[in-house]
4 protein chains.
Amino acid sequence: MNFSHSAKTQGLMKQVRDFLENEILPAEPAWLEEVGNDDPNWQEWKAPATMEALKAKARSAGLWNLFLPESDFGAGLSNVEYAPLAEIMGTTLIASEVFNCSAPDTGNMEVLVKYGNQAQQDRWLMPLLDGRTRSVFFMTEPGVASSDATNMEATATLKGDEIILNGRKWWSTGVGHPNCEFGIFMGVTDPNAPRHAQHSMVIVPMNTPGVTIKRMLPVFNLYDKPSGHGEVWFENVVLPRENIIAGPGRGFEIAQGRLGPGRIHHCMRCIGAAELALRLMCERSTQRVAFGKPLALLGGNGDIIANARINIDMARLLTMKAAYLMDTVGVKGAMSEISQIKVVAPQLSLDIIDQAIQMHGGAGVSNDFPLASMYAQQRTLRLADGPDEVHRRQIAKIELKKYLKK
Amino acid sequence: MNFSHSAKTQGLMKQVRDFLENEILPAEPAWLEEVGNDDPNWQEWKAPATMEALKAKARSAGLWNLFLPESDFGAGLSNVEYAPLAEIMGTTLIASEVFNCSAPDTGNMEVLVKYGNQAQQDRWLMPLLDGRTRSVFFMTEPGVASSDATNMEATATLKGDEIILNGRKWWSTGVGHPNCEFGIFMGVTDPNAPRHAQHSMVIVPMNTPGVTIKRMLPVFNLYDKPSGHGEVWFENVVLPRENIIAGPGRGFEIAQGRLGPGRIHHCMRCIGAAELALRLMCERSTQRVAFGKPLALLGGNGDIIANARINIDMARLLTMKAAYLMDTVGVKGAMSEISQIKVVAPQLSLDIIDQAIQMHGGAGVSNDFPLASMYAQQRTLRLADGPDEVHRRQIAKIELKKYLKK
Amino acid sequence: MNFSHSAKTQGLMKQVRDFLENEILPAEPAWLEEVGNDDPNWQEWKAPATMEALKAKARSAGLWNLFLPESDFGAGLSNVEYAPLAEIMGTTLIASEVFNCSAPDTGNMEVLVKYGNQAQQDRWLMPLLDGRTRSVFFMTEPGVASSDATNMEATATLKGDEIILNGRKWWSTGVGHPNCEFGIFMGVTDPNAPRHAQHSMVIVPMNTPGVTIKRMLPVFNLYDKPSGHGEVWFENVVLPRENIIAGPGRGFEIAQGRLGPGRIHHCMRCIGAAELALRLMCERSTQRVAFGKPLALLGGNGDIIANARINIDMARLLTMKAAYLMDTVGVKGAMSEISQIKVVAPQLSLDIIDQAIQMHGGAGVSNDFPLASMYAQQRTLRLADGPDEVHRRQIAKIELKKYLKK
Amino acid sequence: MNFSHSAKTQGLMKQVRDFLENEILPAEPAWLEEVGNDDPNWQEWKAPATMEALKAKARSAGLWNLFLPESDFGAGLSNVEYAPLAEIMGTTLIASEVFNCSAPDTGNMEVLVKYGNQAQQDRWLMPLLDGRTRSVFFMTEPGVASSDATNMEATATLKGDEIILNGRKWWSTGVGHPNCEFGIFMGVTDPNAPRHAQHSMVIVPMNTPGVTIKRMLPVFNLYDKPSGHGEVWFENVVLPRENIIAGPGRGFEIAQGRLGPGRIHHCMRCIGAAELALRLMCERSTQRVAFGKPLALLGGNGDIIANARINIDMARLLTMKAAYLMDTVGVKGAMSEISQIKVVAPQLSLDIIDQAIQMHGGAGVSNDFPLASMYAQQRTLRLADGPDEVHRRQIAKIELKKYLKK
């Protein structure tokens with residue numbers, strides 16, 4: 001075992017950290033001002049020029065598409081190499097996008113790299129890789145418990161040379177962004193096929209007739225402008241058959257492969273958020289005084305700080321191990337670990353953010369600090385990509401396999 | 001011991017519950033529409049006519065100023081009688097105001113009833129009792145840890161027949177309301193007096209020169225329109241000496257008395273919120289199905305529901321006991337219990353709301369259900385009126401008193 | 001609502017507390033010495049004379065059979081009146097027996113009072129009421145998960161005028177006591193009857209042929225000498241039909257009624273144990289010094305003490321409410337509450353005992369303090385009379401009833 | 001980063017695991033029988049022949065003194081190499097001793113290797129390395145809070161060529177073993193020296209006049225026969241000056257160095273115990289059925305199993321990282337991590353053992369399974385080698401260092 005990062009990784013970590021400190025953090029206020037007050041009227045949202053400028057700089061610095069492992073298209077980093085970079089990005093809200101590493105584009109790019117044909121790659125992947133467009137993933141549905149994927153009601157029906165989409169999707173993240181050009185839609189093609197061969201993934205351009213953004217959904221009252229989370233209706237959306245990815249019935253297979261690396265990214269960003277919260281907690285609690293002492297030295301606050309350090313370090317190690325398994329034995333061999341980190345990391349960051357809020361007093365729930373917004377954002381991760389409950393179920397299933405067999 | 005409510009209380013509970021179901025809940029959508037999208041521009045906030053109509057109805061139904069115990073002015077209910085009504089009000093966001101029972105007006109009315117002189121009562125109390133005006137309490141400060149009251153930096157300096165206020169306050173709840181007419185300001189009058197005789201409480205009309213609302217503060221991105229939480233600056237605000245309540249140096253004494261009943265109200269409303277969250281959790285988890293079963297019957301969800309029931313029932317009993325002690329032995333004899341409920345009730349409602357969010361999936365963090373807004377609102381109660389940490393400190397101090405003496 | 005004990009109850013509490021302090025605590029060392037070193041050889045266990053002397057004193061002081069509500073036989077206290085006495089008894093290991101109020105005799109006496117016929121009462125109940133004999137309850141079985149009562153394998157087969165018992169029971173508490181004269185045995189009489197009419201309760205004298213005590217079971221290495229917890233085998237134990245209580249097939253009905261009051265007693269004793277642990281924690285942590293301060297004032301210890309006070313007070317109120325419901329609406333109306341306290345009280349006392357152990361350092365796990373033995377004893381209560389899991393299941397079932405109907 | 005064990009380590013793990021399964025587990029019943037019933041009469045305790053036979057086999061298999069890193073004396077394994085072996089040993093109570101790897105002998109051997117002079121090594125170290133003798137460490141005291149090392153009251157006073165020991169020690173583990181030949185005693189030599197130069201470590205043969213074993217201390221009623229935990233009094237114990245290790249005043253320095261590896265060993269054994277508990281939990285809960293299902297599939301049991309897997313894996317990674325830091329940057333650079341694992345690992349194993357007990361029902365608290373004994377043993381580790389509270393304090397101190405400086 002070896003717990004040190006390779007020289008290559010350390011070099012990249014320094015580059016990303018430097019870029020973040022020298023370019024991104026100084027530009028954040030301008031970005032915020034461009035975005036303006038949060039509101040649900042997505043039709044008027046603009047893509048801030050600040051972001052485009054940052055992206056250009058990141059790209060010319062070679063810090064671009066870092067998430068994309070071993071391919072002709074990306075930076076070619078392994079999960080173990082990319083994970084610590086994702087953690088650093090997780091310490092601000094905008095860094096991932098700057099490096100063209102933000103969800104759901106990352107997952108969509110992975111899908112198109114792995115399953116897309118040449119035409120699909122040329123038309124949809126290349127602009128995404130360039131950071132010229134953005135995209136969305138249409139999976140979750142408002143009408144059913146989407147934690148059980150077999151509940152999916154949306155359909156993708158083959159008819160001659162066409163495929164016809166119907167259904168309602170929500171929590172379609174990024175759909176409000178002015179640059180959002182297309183989405184990947186998952187729907188039932190053949191309800192009579194075996195359980196894991198019923199669904200298809202279809203590329204759907206946003207301007208296709210029958211596709212309607214009904215509204216943006218707030219997360220703890222925040223609309224995440226200018227990306228947003230939409231509710232989108234599909235009514236007899238007709239697309240050519242070549243928009244199907246990999247072929248009809250392969251939706252589950254693709255979804256499965258899509259989620260492994262994405263969960264590692266999410267979890268490492270959670271850990272970055274947790275480190276930021278711990279830092280803010282330490283700063284505030286050493287600066288403010290009550291009953292004659294800095295808050296950090298009062299009552300149980302030292303325990304809170306110690307436990308935060310312990311839990312962050314453990315969660316990071318577990319996530320790095322999951323990344324290592326992804327790299328060495330693949331997603332199948334890392335199934336339990338990927339579910340484990342998905343349970344651990346978002347809850348960890350929520351706990352520490354909440355404790356940081358408490359040590360900030362009223363300032364903690366306001367927008368004078370990023371804590372309340374971070375809380376809202378992290379809270380969704382206990383639901384997205386499978387709720388905690390489904391992941392625990394999965395872990396227990398793997399654990400019990402050898403015992404229940406007998 | 002007797003765990004049944006008196007016939008009188010049961011009658012009131014029925015009246016309040018019926019009014020809530022027949023009048024308030026049906027009017028809520030109209031109120032929300034009048035309020036409109038949340039925004040920080042308090043200067044443009046309006047008092048919704050829906051609320052005034054509801055208040056008039058409540059008053060003519062005799063459900064008015066229910067919180068005000070044994071006095072010439074109010075409903076004359078004991079804490080034990082009022083507490084279950086506060087719980088019922090806590091199941092919606094607007095009910096307290098409808099019955100003229102919302103903070104911080106309630107605390108201010110109590111102060112003026114108990115410590116105000118005739119002139120102060122005529123001028124400031126009567127319109128509040130009538131529900132014609134609203135008010136604010138200027139206590140917490142942005143520059144210091146307000147959990148330690150001796151940190152207070154604002155001053156209320158005597159000069160001849162006048163008293164001059166200086167300082168910055170924030171989390172001044174209700175200051176954004178168009179009807180907010182005055183506040184009660186707490187500041188240091190004599191820093192050399194004994195520790196609990198340094199502060200004064202002063203009535204400050206909002207239109208006094210030198211009083212400036214700097215901005216509204218969001219709570220988890222929500223501005224609580226049309227009441228709001230303001231940051232207010234006081235720069236050489238000159239007021240006549242007769243605006244001092246009870247006399248210079250009596251600020252601490254008044255603050256102490258003010259907080260007992262208010263905490264009981266807050267905690268009972270928390271319990272109401274927790275009951276609402278549990279109900280929503282049960283409704284959703286019995287309606288949605290995954291893996292072939294209603295969510296309520298899956299995995300640990302039954303345990304979550306059982307624990308919620310247990311913890312709500314325990315917290316309610318403890319709060320009722322604190323109310324009983326307030327009624328029978330007074331605030332001094334109920335000191336530990338009041339701190340106990342202040343630690344227990346907001347955390348309880350937060351936990352259950354969070355679990356309800358989880359069982360609602362994405363819908364839980366959106367505004368399709370009131371859960372996210374409830375979470376934001378309840379979260380402030382772990383900070384307001386003394387953070388958990390200070391209350392635990394107080395409870396431990398009382399507990400250890402007999403042991404440390406030796 | 002009224003949270004004060006009646007004058008009658010307060011008088012009894014004083015009497016019991018005085019007797020405990022003046023008679024029981026001073027005699028405890030002598031009792032311990034008579035009992036001697038713990039060991040599994042139950043055949044050599046003796047009934048300590050100290051106990052018999054204490055029982056005689058308690059009886060002549062009128063503090064006898066206090067647990068037995070409204071009957072010709074006992075003290076006639078309601079559950080609300082007896083509960084606080086049980087709490088006081090719970091602060092020592094031996095007090096319950098002194099007042100003839102110890103399990104499982106209490107439950108057996110209740111059963112015989114309520115369901116026994118005249119002959120059964122004369123022969124078996126009277127000596128128990130006199131404290132001359134002790135008894136045992138044969139319910140739990142080693143071969144199955146006894147948390148599901150329908151798993152029961154033991155049989156009580158009718159054959160002419162006789163009933164024949166077969167099966168293995170364990171955790172038969174008290175069976176090691178030299179004065180243990182009989183047990184109440186539960187077994188399946190008619191496996192084809194409706195689910196709740198299959199079992200019978202049978203009085204089985206310990207000296208009946210076919211009854212064999214196989215061994216005593218330790219609890220965390222402690223044999224609870226001189227009472228003990230036995231594994232007992234029944235091999236073709238032939239008894240006259242008149243030993244059946246209430247009639248064949250009524251076992252479930254009797255078991256149900258038996259458990260309500262017993263759970264209240266257990267839980268109030270848990271609360272007494274928790275109070276003792278909190279007291280020891282406060283004493284130790286104010287006497288020992290580290291880093292220049294009494295332990296009680298270091299780090300998070302104040303929070304631990306505060307939380308202990310809060311949780312004890314809440315659990316006591318909930319238990320008193322369950323007692324109140326037992327008295328006013330009966331066991332059916334108190335079903336959820338009885339399960340609630342059974343979940344809450346043992347876990348509460350375990351938590352506080354564990355924290356007290358921690359504050360005692362090495363002394364805490366030794367026998368210089370009663371904490372480790374208390375822990376062992378309380379730990380069994382999360383399993384006995386239904387494990388936590390079954391009670392939570394029951395609470396959730398009751399809670400969800402109105403929602404699942406739809 | 002690399003999360004795989006080296007080929008060397010994997011080989012050793014296989015050897016140790018095979019030896020454990022083929023030799024130790026089959027011999028355990030014989031060992032238990034030789035030991036006999038637990039009792040406090042240490043004078044009559046015997047060293048079981050079974051153990052001596054196992055030790056001889058382990059030694060000839062080359063599995064001997066595995067814990068001793070890089071020295072002329074031991075196996076020369078790094079902490080990273082030894083740690084997984086300690087985990088395997090932690091799955092039984094006796095394995096560590098079989099491989100001559102049991103505390104406190106391990107720590108004493110490390111001290112003598114590192115600080116002992118030639119004569120001390122010849123006389124005291126060699127027999128320990130051979131497994132012919134056992135030893136004890138006299139540190140903790142009954143009269144003070146030993147969590148604060150500056151509280152130490154025992155003295156080691158220089159007088160001419162002699163050093164005179166006085167004081168009372170307890171929790172002197174292993175002192176009851178018939179082969180225990182000497183202890184290392186820590187006491188104050190110069191109370192006026194700088195804080196970390198006041199204490200000395202002295203080798204004290206057990207048969208020195210003035211050394212008295214007063215009694216054995218039970219842990220949750222268990223005396224850990226035939227090793228035991230003693231209270232030992234030192235009254236004017238006169239020893240030659242050459243029994244001082246390293247020199248007067250170097251006690252703290254030695255104690256510091258002694259604790260790093262020992263804590264890693266303890267924590268890896270905790271993890272082994274946790275794995276055993278999880279295995280027992282899975283076995284039992286898949287074999288026993290209630291309400292028509294194996295317990296493992298009922299209610300929240302799957303969550304418990306999933307969380308156990310997550311928490312074990314995280315704690316193991318953290319402990320391996322601490323071992324890695326010990327190997328690469330030394331005890332100073334691993335200070336926070338060593339405190340972190342000391343907080344995490346014992347609490348982890350206690351939680352899982354407790355949950356396993358719960359899933360075993362009554363069998364769990366009995367001796368039919370090792371769970372109750374494991375619980376008792378693991379509980380001491382939250383106190384020994386620094387209680388959790390002191391380690392959290394240390395972690396917070398390190399974390400806050402950079403913030404408090406400002």
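Begin by selecting domain 1 and domain 3 of chain A, where 18 residues of domain 1 are in contact with 21 residues of domain 3, two residues being in contact if their C-beta atoms, placed from the backbone, lie within 7 Å. This is a predicted model, in which local features need pLDDT of at least 70 and side-chain atom pairs count only at pLDDT 80 or more, while totals for chains, interfaces and linings use all residues. Residues are numbered from 1 along each chain as its sequence is written, and chains are lettered from A in the order in which they are written.

On the side of domain 1 of chain A that touches domain 3 of chain A, colour α3 (79-89) and α5 (105-115) of chain A, each of which supplies at least two residues; helices here are DSSP runs (H or I, at least four residues), numbered from the N terminus. The largest share of that side, seven residues, comes from α3(A).

Next, show the whole of chain A, which is divided into domain 1 (7-130), domain 2 (134-251) and domain 3 (253-405), with bounds that come from an automatic or database domain assignment.

Then bring in chain D, whose contact with chain A takes 35 residues from chain A and 35 residues from chain D. On the side of chain A that touches chain D, select α7 (251-287), α8 (301-328), α10 (335-360) and α13 (388-405) of chain A, the elements that give two or more residues; α8(A) provides the largest share, 14 residues.

Finally, compare the copies: 100% of the interface residues of chain A are also interface residues in chain D, so the copies meet through the same surface.
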